[in-house]
Amino acid sequence: MLELDAVTKRFGGLTAVREVSLRAGPGEIVGIIGPNGAGKTTLFNVISGFFAPDEGRVLLDGRDVSRMPAHEICALGLCRTFQIVKPFGNLSVEDNVMIGALTRLTSVSAAREEARRVVALCRLEPFAASAARSLPIGLRKRLEVARALATRPRLLLLDEVMAGLNATELGEMITLIRSLHGEGVGLIIIEHIMAAMMRLAQRIVVLHHGEKIAEGTPESIASDRRVVDAYLGEEFVLADA
Amino acid sequence: MRRHALAVGFFGAAALTPLVIHDGFFLDSLVLILMWGAVSGAWNVAGGYAGQVSLGHSAFFGIGAYSAALMATRLHASPWLGMLAGAVVATAAGLVIGYLSNRLKGPYFALATIAFSQVLLIVASRWRAFTAGSEGVPVPFRPGFWTLGFASKVSWVYLVLCLALAIYLVQVYLERSRIGYQLAGVREDEDAAQALGIPSRRLKVRAIAASAALTSVCGTLWAQYVGFVDPFYVFSVDLSVRFALNAIIGGVGTAMGPFVGSLLITSLETTLRAVFSDIRGGLVGIYLIIYGCLLIVVVRLIPQGLVGWFGQRIRAARRYARA
């Protein structure tokens, strides 16, 4: 269970995230939407330990992890992906995933087995031996998820893993996220593809200029006046209607 | 076994050579090839596997050379004890520089390591009471195994061969162990590694410290072999560059790369020096120019190094044969 208590993050004079409070229960899918520059990725960086918040606290299962380094937060069961994917380019897809698995498993052979399982789960088998840098963007996004999954997170933060995917890939990604949810993994998802978000999220949080302007079920968000003005636009309401 | 084929061939040939060839000059070259290969292998632990490209590894080499030489002259201690002391001091130095330069990447890290080696050069050449200053330290020759005094070059070949093998095995371990894979992650992308639960800072410091200790052990043996420690040589940037160069030309992050690089560079240097030994004074440094050209060619055309390049070709050929 993740709790953000009035988290603020500033860069010099710019307040990227202002007093954002948020909860994500175990096994829940929470969506975060908002225009570019709204502070979504900064929020992920604060939660996952890459930035310490200037004010407020991040609690994981009641424990204050605000100043904890990223690798320790991962060990506690919270793992994140990067919007701009960061594959270990010169290593094979399987080795990429195995490095994630080695966080929980000390034996290389056990981690290798786990990596094969996760690679299969994410349908990356045909590319298991390919160098990660040779993959097209859609597969790189999937590798990003696979690698994070291999650390066996209870809570997974996905930063725009659907951006740039074609329709087939998008469908596969949604299936994968649903199956993770079915296994009890909690998810916080940043995404611009509203169609996917409406289908996946149980609750959506809207950020605008670093502040939370709305929170609620996908239906209530889609009809929220402030959200339509700040982010979705009139076309979305018309198309939806 | 197949993945060790190159190592078996290389070290096997080195082991058999003294049985066939008794020429002193040739055996001396063999000792140097193995020695510089071993130091580059030690460099590779940090520079190759952990991606911490240092151009100041002569600092650790010098620490090993000085520790044993000073302990032998001042305390009449065995060079083996000096080797141990050197490794301890180098580990500490590696921890300090690893910790201080932890956030530095790429060229900035390399510059920090150069600065570190130059600080040690100044200390060693100026602190006369402690190190005998810029005149250097002659290493006393006392025959015997315990005192590391071997008159025969053949003994040195086998001793340095053992060192080279040990460092080869350390690298092989790094290719297959948990920490080795985690270091590869840190090398490829540190942010991603941290997000996946890898304590990257700690692992980098450990890799540098281990690399420093191994480099220091090489330094001790080298000083005992040559019989003299000159601060301007053991702490030189030239030497640091040589350590990095062998590994880069042979193949960074491959266990045999440093040895293949050393075979090429050391024998080339020896040959060129001999060939150009009786030309006019102005041209004595010409081997350095050839050296430099070779480096440019390798880095431009095969950045993965000779071992890396051949490895790829062999794997591609096998795939082709199967298909």
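This is a predicted model: local features need pLDDT of at least 70, side-chain atom pairs count only at pLDDT 80 or more; totals for chains, interfaces and linings use all residues.
Buried residues account for 48% of the 323 residues of chain B. Chain B has 15 helices and two strands. Its radius of gyration is 20 Å, close to the 20 Å that the globule rule gives for 323 residues, so chain B is as compact as a globular protein of that length. Along the principal axes, the C-alpha atoms of chain B fill a box of roughly 60 × 45 × 40 Å.

Now look at the helices of chain B. Two of its partners are H1(B) and H10(B).

Start with helix H1, which covers residues 5–20 of chain B. The axes of H1(B) and H7(B) come within 9 Å and cross at roughly 165°. An angle over 145 degrees counts as roughly antiparallel, so H1(B) is roughly antiparallel to H7(B). The crossing is left-handed. Which residues of H1(B) and H7(B) meet? From H1(B) come B:Ala7, B:Phe11, B:Ala14, B:Ala15 and B:Pro18. From H7(B) come B:Val154, B:Val157, B:Leu161, B:Ala164, B:Leu165 and B:Tyr168. By class, this contact of H1(B) with H7(B) has 11 nonpolar residues, no polar ones and no charged ones.

Next comes the pairing of H7(B) with H10(B). Their axes come within 12 Å and cross at roughly 170°. H7(B) and H10(B) are therefore roughly antiparallel to each other. On H7(B), the contact uses B:Trp156, B:Leu159, B:Val160, B:Leu163, B:Ile167 and B:Val170. On H10(B), it uses B:Leu214, B:Val217, B:Cys218, B:Leu221 and B:Tyr225. The contact of H7(B) with H10(B) has 11 nonpolar residues, with no polar and no charged ones.

Is B:Leu174 buried or exposed? It is buried, with 22 other C-beta atoms within 10 Å; 20 or more are needed for that label. Leaving aside residues up to four places away in sequence, B:Leu174 touches B:Val45, B:Tyr49 and B:Gly180. B:Leu174 and B:Ala42 are 132 residues apart in sequence, and their C-alpha atoms are 12 Å apart in space.

H10(B) has another partner to trace. Helix H3, residues 58–75 of chain B, packs with helix H10, residues 200–226 of chain B. The angle is about 50°, and the axes are 6 Å apart. That makes H3(B) oblique to H10(B). The crossing of these two helices is right-handed. H3(B) brings residues that include B:Phe60, B:Phe61, B:Gly62, B:Ile63 and B:Gly64. Those from H10(B) include B:Ala212, B:Thr215, B:Ser216, B:Val217 and B:Cys218. What classes of residue make up this contact of H3(B) with H10(B)? They divide into 11 nonpolar, eight polar and no charged. B:Val217 and B:Cys218 are also among the H10(B) residues that meet H7(B).

Turn now to chain A. Chain A has 10 helices and 10 strands. With 241 residues, a compact globule would have a radius of gyration near 18 Å; chain A has 18 Å, which agrees. The C-alpha trace of chain A spans about 55 × 40 × 30 Å along its principal axes. Of its 241 residues, 46% count as buried. Among contacts in chain A between residues at least 6 apart in sequence, 63% join residues at least 24 apart.

Finally, see where the chains meet. How many residues of chain B are in contact with chain A? There are 17, and they touch 23 residues of chain A. Two helices of chain B, H8 (178–188) and H9 (190–195), each supply at least two residues of the side that touches chain A. The largest share, six residues, comes from H8(B). By class, the side of chain B that touches chain A has seven nonpolar, five polar and five charged residues.

How values were computed:
Residues are numbered from 1 along each chain as its sequence is written. Chains are lettered from A and ligands numbered from 1 in the order in which they are written. Helices (H or I, at least four residues) and strands (E, at least two) are DSSP runs, numbered from the N terminus. The radius of gyration is taken over C-alpha atoms; the globule rule is 2.2 Å times the number of residues to the power 0.38. A residue is buried if 20 or more other C-beta atoms lie within 10 Å of its own, exposed if 12 or fewer, and partly exposed in between; C-beta atoms are placed from the backbone. Two residues are in contact if their C-beta atoms, placed from the backbone, lie within 7 Å. Ala, Val, Leu, Ile, Met, Phe, Trp, Tyr, Cys and Pro count as nonpolar, Asp, Glu, Lys and Arg as charged, and the others, Gly among them, as polar. Axes are lines fitted to C-alpha atoms, for helices over the stretch in contact, and angles run from 0 to 180 degrees between N-to-C directions. Angles under 35 degrees count as roughly parallel, over 145 as roughly antiparallel, 65 to 115 as roughly perpendicular and the rest as oblique. A crossing is left-handed if the near helix is turned anticlockwise from the far one by less than a right angle, and right-handed if clockwise.
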